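Have the model open as you read.

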Amino acid sequence: MNRLVLKFVASTLAASSLLATPAAAEQKALADNLRIVIGSTSTGGDTYQVSAIVAEALSKKLGINAKVDPVGPTAALQAISKSADGSTVMLFHDQSYVGNLYGVRGFPDIFKEYKIGPTVAINPGDAFLVPAKSPYKNMEDVIQAAGHDKRIRVAIQPGGVSALGYTALKNAVEVRFPGKEGNVVPVNTGSQADKNQLLFDGNADLINGSVQANEQYTRLPADDQKAMRFVWITARQQTLQQADPEGLGQTSREQLLNYATPAVSVTLDGKKNFAFDKEFFFIYNADIKPEAVAAIDKALADIYAEGAIQGTLKKSFFIPNFMPAKDAQTYLKDKADETRKLIDKIK
Amino acid sequence: MDTLAELLKVQIDFEQSHLLFPSIVEWVLGGLMLAIIVVHGPELLAQWRNGALRSCLAKWQVDKKRLFGCLALTLAYFIAMEPVGTLYPNSGIGFLLTSIVYGFALSRLFVHDINRRKWMLIALSSVLTPLFVWVVFAHLFRITLP
Amino acid sequence: MEALFSLDLSYYLLVSLGVLIGIIFGAIPGMTATMAVAVCLPMTYALDLNHGLALLLGLYVGGISGGLVPAILINIPGTPSSITTTFDGYPMTLKGEPEKALKIGIVSSLVGGLFSAAVLYYFAPTLADWAIKFSYVEKFLIILFALTVIASLCTRLLVGIFSGVLGVWVSLFGVYDMAKGGNGELRIVPEVLSVFLENGFSLLPVLIGLFGLTVIFGEAEKGVHDEATTSVKLSKDKRFSWSVFKGQTINLLRSSTIGTFIGLLPGVGGSAASVLAYSQAKNFSDDPSKFGTGHPDGVIASESSNNGLTGGALIPLLSLGIPGDSTTAVLIGAFTLQGIQVGPLFIAEHTDVWNTMMLGLVVANLIMFAIMYYAIRHISKVIMIPKYLLYPGIMMMCVVGAYAINSGIMFDVWTLFLFGLIGWIGVKLGLEIAPFIIGFILGPSAEVYFVKSLESFGTLAIFFTKSPIALFLWGLIALSVGYSVYSTMKAKRASAKDTV
């Protein structure tokens, strides 16, 4: 028999709780089967990826079975509402409160109705792109054009984290060319495929995308209909600086930093630039027992102290970012309040 | 030509765009319903008058015990599954236990001319089938079950 | 071809394992290829990319192929793309030819799979460039075309179309999905029910409710008298022979091409492939009336097209980074988990991965054929299992499948029950299930592409003036509609003559 296959079979069996040791006699703070529901239904997206890495680490650390279930935001919140014992927890990103700030259906105020758990990682990849042949060389060109009565059509998914960049751009135009912000118009669309298609068809001037999904498109020869250029990466500079120097694909960290603040300026108020990190964190039932919160905090603290998870996360272009539940609660509440100001201003 | 182009123009209001397609579909459905009434209505009415439809209904044979038994059992099965599962969360235990009971009851309901051999078969299958499904899917493949 | 020798035995073992598990998932009503790939995805952690992909490709091919088994044997499509396989496959079983039907299906699957793999290997980048010429407008027209096909599948034209449109309507329940670019507002569903119906009904529970539970309720109504599905002895002349495929070259090629082509277009929905292939086989046939009565041509069209999907759906995935169907959407996870980006430069930059993937796809198809062709005698014995034991088992599997499709949502199990009832009562009232489910499958994409076309272009005229492709599609739609009307008229006249 081949070694690899054996390894595979062994890992599969080990993953099944058939071989797991029976529950210890002492009262455990966490269930043997921890269900991590996520706010996305895709297994190919960043939420699933981060959750899978974290679940794997938690399983090993605690000797439990942590399983990721991609059920989507509404179903995930419903699932943790029923789980005060902490056997089901949720992992999602800033969308969980941004959705509420934009007034999207199915997004309650998580700070009121749920409990915020620890943060685990950041995806610094949120980006805006133009066609390779676009007259707009950079964000300054885009803002100037909008200020001089050119319509700028931006393809985004409405009501989400990706819409924040659009809101920020609109706000920047308003700050610099008051009254001209109406020239920035959204093209509401869904998947990355649809956004790319809008660019190919010439039905959008600027699209929201990501470093991960669009990097290869930026390296196509300029005469290719599919060729694109990055103009803006919305992550904070200090976040992006923590990425591996190789960056992603053939685009180095140095190159990526050229598209982020302060090299690119989309102003928030004339002084400060807008930047936004997409952070992944746990969300719990409001009445979750404190032992469960402490157990997850403790396990994650140990995992991040050991340092192996950082490598795994960075390999997939995530920035490790652990913050225990209590700190995360205050930090994210402040972040949400800041974001609310921007959204309310531009509504 | 220009007037035609003018006629075909539509402005979609994004805030209301969730209603556009459903209303078109509803209008089409309504139209089709009318068409069906016009085309097939007289025929049905005639059948009703001459009693063909009524005798058809009268001939309709139902095994009441099995039909309503099956519906009731399935309903009970679905209702019980999740509460039973909270005994030991995220382990699929709710599925396993309720399936054994349901499987046994449904087989017993469906079977004719019960004898010892059939009793044995039913008992064996109603325990082994859910157990096998549970081991393979809930444990080996780690599918979440109630 | 050096890739062939550089791989160790474990590669081939993993492909085989994948195929086997995939076939089992596909063959169980309620389990799909997508689910097989999704549940095995975390297991690929322990493997490197090539070995992980070997397993997943095996699962994909096996899962799509396995769907034909329950479709033919018990009239329940194992996966959405084998709906049309039930049309002629099950009647063949009733005629005592289950083994023949299964073998025809398997051979067709192999042809479709290999055809699409070849297209993928030789034309992937070219076809991907062509696929991006299909914008919202063209995609809407393809879906409209697939919807008009309903007309040629129904027994009574008006009622059939009504059922199809009703399916579209039911598919719109819940919010206008923001993930597809909608505004996230609720429609049709009253606010009180939005706790359950926020995202509407899921396809899989609707499908297995309509096909699986309806069968069980219907049998219960009749008293479950026969012990097993069929007690027909398999006579010698009803055995499978290769001569069935005589004169089927065109059907095989056309259906495989349709499958590959639909797979190629992201967002159109793989299930449209077998529907289109089946209806085209019927329209081009010398004797369309044979379809639906256990005609091998129908099984051939359906099965070669749904396996044609596999290679087709991999084209946009590997040359644009965009999944072509729901299964490849999960497959993309395998790449990201290994830290490899798929996109327009993937094939050029990861030639080794690309070659081993191609090899895996071909090997998976061959292994699928080997496993299924020789296991078929045993598989077909399923129909000998007494119904009082079989039905509870089917019900449990439907529950597992429904509960698992969205990773553990109880409402999906209730959907199953609801549509079991709707199917069982609906059929009595004349509802046609196949058009209904096709409408249900295509409805959401039809909406998004229709509304987005108008949003982008602001005029209805765009559907005609967008591109030559659009005009060509209108031609197809006109032909399809014209043909169904013509054949209905003809049938009516013929029956009128008979009665006179």
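## A glutamine to start from

First stop: the side chains of A:Q212 and A:N123 are joined by a polar contact of 2.9 Å. Keep in mind that this is a predicted model. A:Q212 sits in helix α9 of chain A, which covers residues 211-214.

Is A:Q212 buried or exposed? With a relative accessible area of 15%, A:Q212 falls under the 20% cut-off, so it counts as buried. Setting aside neighbours within four places in sequence, A:Q212 is in contact with A:N123, A:G125, A:L248 and A:F317, plus C:Q341 from chain C.

## Where chain C meets chain B

Now over to chains B and C. Here 66 residues of chain C are in contact with 62 residues of chain B. The two chains bury about 5500 Å² between them, and carbon and sulfur atoms give 81% of that. Which residues of chain C lose the most area to chain B? They are C:L158, C:Y388 and C:M396, which together make up 13% of what the chain C side buries.

As for specific pairings, there are zero salt bridges between chain C and chain B, but eleven residue pairs are in polar contact, counting pairs with both residues at pLDDT 80 or more. The elements of chain C that give two or more residues to this side are α2 (9-27), α3 (33-40), α10 (157-171), β2 (186-187), α12 (203-222), α19 (387-405), α20 (410-429) and α21 (433-457). Of these, α19(C) gives the most, with twelve residues. By class, the chain C side comes out at 47 nonpolar, ten polar and nine charged residues.

## A closer look at α3 of chain C

One of the elements on that side, α3(C), is worth a stop of its own. This helix is mostly covered, with seven of its eight residues buried. Which ones are buried? The list runs C:A33, C:T34, C:M35, C:A36, C:V37, C:V39 and C:C40.

Within chain C, the buried residues of α3(C) pack against α2, α4 (49-66), α12, α16 (326-337) and α19.

## Where chain B meets chain A

Chain B has another partner to look at. Twelve residues of chain B are in contact with 20 residues of chain A. About 1200 Å² is buried between these two chains, 52% of it on carbon and sulfur atoms. On the chain B side, B:N90, B:H139 and B:R142 supply 47% of the buried area, more than any other three residues.

How many salt bridges cross the interface of chain B and chain A? The count is zero, while six residue pairs are in polar contact, again with both residues at pLDDT 80 or more. Helix α6 of chain B (residues 116-140) gives the most to the chain B side, with three residues. That side has six nonpolar, four polar and two charged residues.

## Two domains inside chain C

Chain C is divided into domain 1 (1-134 + 244-399) and domain 2 (136-201 + 432-500). Taken over C-alpha atoms, the centres of the two domains are 25 Å apart. The domains meet through 20 residues of domain 1 in contact with 19 residues of domain 2, and they bury about 1800 Å² between them, with 74% of it on carbon and sulfur atoms. C:F134, C:V268 and C:N283 supply 31% of the area that domain 1 buries against domain 2, more than any other three residues.

Between the domains there are zero salt bridges and two residue pairs in polar contact, both residues at pLDDT 80 or more. The elements that give two or more residues to the domain 1 side are α6 (83-94), α13 (249-264) and α14 (271-284) of chain C. Which of them gives the most? It is α14(C), with nine residues. The domain 1 side divides into 13 nonpolar, five polar and two charged residues.

Definitions and conventions. Residues are numbered from 1 along each chain as its sequence is written. Chains are lettered from A and ligands numbered from 1 in the order in which they are written. This is a predicted model: local features need pLDDT of at least 70, side-chain atom pairs count only at pLDDT 80 or more; totals for chains, interfaces and linings use all residues. Side-chain values use heavy atoms; hydrogens and water are left out. Contact means heavy atoms within 4.5 Å. Buried area is the accessible area (1.4 Å probe) that two parts lose on being put together, summed over both. A salt bridge is a side-chain nitrogen of Lys or Arg within 4 Å of a carboxyl oxygen of Asp or Glu. A polar contact is a pair of N or O atoms within 3.5 Å; within protein, one must be able to donate a hydrogen and the other to accept it, and residues adjacent in sequence count only if both atoms are side-chain atoms. Helices (H or I, at least four residues) and strands (E, at least two) are DSSP runs, numbered from the N terminus. Ala, Val, Leu, Ile, Met, Phe, Trp, Tyr, Cys and Pro count as nonpolar, Asp, Glu, Lys and Arg as charged, and the others, Gly among them, as polar. Domain bounds come from an automatic or database domain assignment. Buried means under 20% relative accessible area, exposed over 50%, partly exposed in between (1.4 Å probe, protein chains only).
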